[in-house]
Amino acid sequence: KKKKKKKKKKKKKTASGHTKGTPTQKAEGRMLTEGSFTDYYVTHGQTEPPSIPVVNLFRGDEETTTSSVPPFPVGEIQPHPLESNSHRISSEELRHNERLEANLYDKLRHASEVHRQVRHYAQSFIKPGIKLVDMCERLEETNRKLVQEHGLERGIGFPTGCSINHVAAHYTPNVGDDTVLQYDDVMKVD
């Protein structure tokens, strides 16, 4: 009898050589679709928990761009619905000025991807019973890793805020604060 050999599926690699994975952790919460995963970033070659700087995930083998920031996912670009905005599309000078801002757009896309990955990671571990100070430290540390903190050039603009219930905004727990997220609490993280 001949035995059939099972072929192992090779995992896909990103342009930077990181192995791509398949998301497995379902997101919990209202208003999330069936296809929502908290570890979606593994499809880009990110680790679980996220630790590879985002800039390394999207860098290709060859650097074709002159900017120091590699290209990031562009997303959907939609035209403005009002007539008053049509001059931006029809004017060659204004289109050229917008192309000059491409480096700024790349920086914004970089920050957006870091934010998206940290937000999804936060959804995986923020549960009732977690101390707010521990939660904020964990989020800020992940943010520092993904953005490759570098002085005033890159880093955290302000501390993580986690306002609970009657606190509208700008609450950040200090070291020694023993506030714990309760089951019935409503919390806003920013």
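**Note on the predicted model**

1. The protein chain exposes about 14,100 Å², of which carbon and sulfur atoms supply 54%. The model is predicted. Of the 190 residues in the chain, 27% count as buried.

2. Five helices and two strands make up the assigned elements of the protein chain. Read from the N terminus, their order is α-α-α-α-α-β-β. Where contacts link residues at least 6 apart in sequence, 54% of them join residues at least 24 apart.

3. The largest nonpolar core has 24 residues, and those touching the most other members are Val54, Val114, Phe125, Leu132, Met135 and Leu139. Two or more residues come from each of helix H1 (54-57), helix H4 (102-125), helix H5 (132-147) and strand E1 (162-164). H5 gives the largest share, six residues. Leaving aside residues up to four places away in sequence, Phe125 touches Ile130, Met135, Arg138 and Leu139.

4. The structure holds eight salt bridges. One of them pairs the side chains of Glu113 and Arg116, at 2.9 Å from N to O. Both residues lie in helix H4, three residues apart, about one turn of the helix. Glu113 is buried at 2% relative accessible area, whereas Arg116 is partly exposed at 30%.

5. In helix H5, Arg144 and Glu141 are likewise three residues apart, about one turn. Their salt bridge has its closest N and O atoms 3.9 Å apart. Arg144 also meets Glu149 in a salt bridge, 3.2 Å from N to O.

Note on methods: Residues are numbered from 1 along each chain as its sequence is written. This is a predicted model: local features need pLDDT of at least 70, side-chain atom pairs count only at pLDDT 80 or more; totals for chains, interfaces and linings use all residues. Side-chain values use heavy atoms; hydrogens and water are left out. Helices (H or I, at least four residues) and strands (E, at least two) are DSSP runs, numbered from the N terminus. Buried means under 20% relative accessible area, exposed over 50%, partly exposed in between (1.4 Å probe, protein chains only). Contact means heavy atoms within 4.5 Å. Accessible areas come from the Shrake-Rupley method with a 1.4 Å probe; for residues, only the protein chains shown count as cover. A nonpolar core is a set of buried Ala, Val, Leu, Ile, Met, Phe, Trp, Tyr and Cys residues joined through side-chain atoms within 4.5 Å. A salt bridge is a side-chain nitrogen of Lys or Arg within 4 Å of a carboxyl oxygen of Asp or Glu.
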